[in-house]
Amino acid sequence: MKMDQLKRQAAARALEEVRDGMQLGLGTGSTAKHFVELLGERVAAGLKVIGVPTSEATRLDAIRCGVPLTTLDEIDHLDITIDGADEIDPELNLIKGGGGALLREKIVAAASDRMIVIADDTKWVPTLGKFPLPIEVIPFGLGATRRAIEKAFAECGVSGQMAVRNAKGGDKDGHVLVTDGGHWIVDAKLGRIEDPARLAKALSVIPGVVEHGLFIGLASSAVLAGGEGIRVIERRKPKGDWE
Ligand SMILES: O=C(CO)[C@H](O)[C@H](O)COP(=O)(O)O
């Protein structure tokens, strides 16, 4: 089965969790886009929900699909966020940010009672780190921020090359990618992250780091679609418990 069909299957399974009246976080990426499209079909059939998009791209998709939108300033919580991931480990720790939306994705996931991660099963890994870790940074003082990141890596027993991400496609091709928040992204090729919670904490205290793509203790469940069917994996520890 084609990868894109698997992504759509995972999205369809997550949609079964959505009830009338829910306030939803809408993720970013090709898998989340399937979810928004399927949700739009249900809205057209009468389902009453409201969504908070995690990127400008998702905002435009939701408008195209007829999904009503709001903001985190207008509502006080979200019931479920449904989003993709670049890697998922057995503790349901994630690497996210391949699509450059990690900052809004993390704000929205943290404001949600539950986060359901949807993915094809190639995203399931025993240990995070093969996918380069996205770190959203302020362009000012980038040299100092990079040195601080390297120090944090060394303290956490990881190392690897870092590169500022370029935009792909269109007239921005080859230029530095600017995120929805006006920042840049540094991708770090670490290979293996033995202690993602420790690394997450070490990165979070660096002044020039706005956010990083390690999502620790945020995902409640993962819906993985593969050739053998769909697997739903529930997180064992309560949300926010990441010691
Ligand atoms: O974190 C993300 C965007 O910032 C995406 O969820 C992640 O990159 C997965 O994308 P896709 O569903 O296209 O594989």
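The C-alpha centres of domain 1 and domain 2 lie 24 Å apart. The domain assignment, automatic or from a database, gives domain 1 as 3–125 + 216–234 and domain 2 as 133–212. This is a predicted model: local features need pLDDT of at least 70, side-chain atom pairs count only at pLDDT 80 or more, and totals for chains, interfaces and linings use all residues. Residues are numbered from 1 along each chain as its sequence is written.

**Where the domains meet**

- In domain 1, 13 residues are in contact with 13 residues of domain 2; contact means C-beta atoms, placed from the backbone, within 7 Å.
- On the side of domain 1 that touches domain 2, α4 supplies the largest share, 4 residues. Helices (H or I, at least four residues) and strands (E, at least two) are DSSP runs, numbered from the N terminus.
- That side of domain 1 has 5 nonpolar, 5 polar and 3 charged residues. Here Ala, Val, Leu, Ile, Met, Phe, Trp, Tyr, Cys and Pro count as nonpolar, Asp, Glu, Lys and Arg as charged, and the others, Gly among them, as polar.

**The nonpolar core**

- The largest nonpolar core has 57 residues. Such a core is a set of buried Ala, Val, Leu, Ile, Met, Phe, Trp, Tyr and Cys residues joined through C-beta atoms within 7 Å.
- Buried means 20 or more other C-beta atoms within 10 Å of a residue's own, exposed means 12 or fewer, and partly exposed lies in between; C-beta atoms are placed from the backbone.
- Ala10, Ile82, Val117, Ile118 and Ile135 have the most contacts inside this core.
- Strand β6 (residues 112–120) gives this core its largest share, 5 residues.
- Domain 1 and domain 2 both give residues to this core, so it lies between them.
- Ile82 touches Ala14, Leu24, Leu26, Gly27, Ala32, Phe35, Ile116 and Ile118, leaving aside residues up to four places away in sequence.
- In soluble globular proteins, nonpolar side chains tend to be buried together.

**The ligand shell**

- There are 18 residues around the ligand, and Gly29, Thr31, Gly84, Gly98 and Gly99 come nearest. A residue counts as near if its C-beta atom, placed from the backbone, lies within 6 Å.
- Two elements give two or more residues to this shell: α2 (30–44) and α4 (102–110).
- The most comes from α2, with 3 residues.
- By class, the shell has 4 nonpolar, 10 polar and 4 charged residues.

**Helix α2**

- α2 has 15 residues and reaches 21 Å from first C-alpha to last, close to the 21 Å expected at 1.5 Å a residue. The expected span is 1.5 Å times one less than the number of residues.
- Its buried residues are Thr31, Ala32, Lys33, His34, Phe35, Val36 and Leu39.
- The cover over these buried residues includes α1 (3–15), β1 (23–26), α3 (56–65), β3 (78–83) and β6.
- Just after α2, Gly46 takes a positive phi of about 120°.

**Helix α1 and Arg8**

- α1 has 13 residues and reaches 19 Å from first C-alpha to last, close to the 18 Å expected at 1.5 Å a residue.
- Leu6, Lys7, Arg8, Gln9, Ala10, Ala11 and Ala14 are buried in α1.
- Their cover includes α2, β3, β6, β12 (221–226) and β13 (229–234).
- Arg8 sits in α1. It is buried, with 21 other C-beta atoms within 10 Å.
- Arg8 and Arg42 are 34 residues apart in sequence and 15 Å apart in space, C-alpha to C-alpha.

**Leu92: a positive phi**

- Most residues other than glycine have a negative phi.
- Leu92 is not a glycine, yet has a positive phi of about 65°.
- Leu92 lies in the loop between β4 (87–88) and β5 (94–95).
- Leu92 counts as buried because it has 22 C-beta neighbours inside 10 Å.
- Leu92 touches Ala219, Ala222, Ile233 and Arg235, not counting residues up to four places away in sequence.

- Asp187 is found in strand β9 (residues 184–188).
- With 19 other C-beta atoms within 10 Å, Asp187 is partly exposed.
- Asp187 touches Pro132, Leu133, Pro134, Met162, Ala163 and Arg165, not counting residues up to four places away in sequence.

How values were computed
Two residues are in contact if their C-beta atoms, placed from the backbone, lie within 7 Å.
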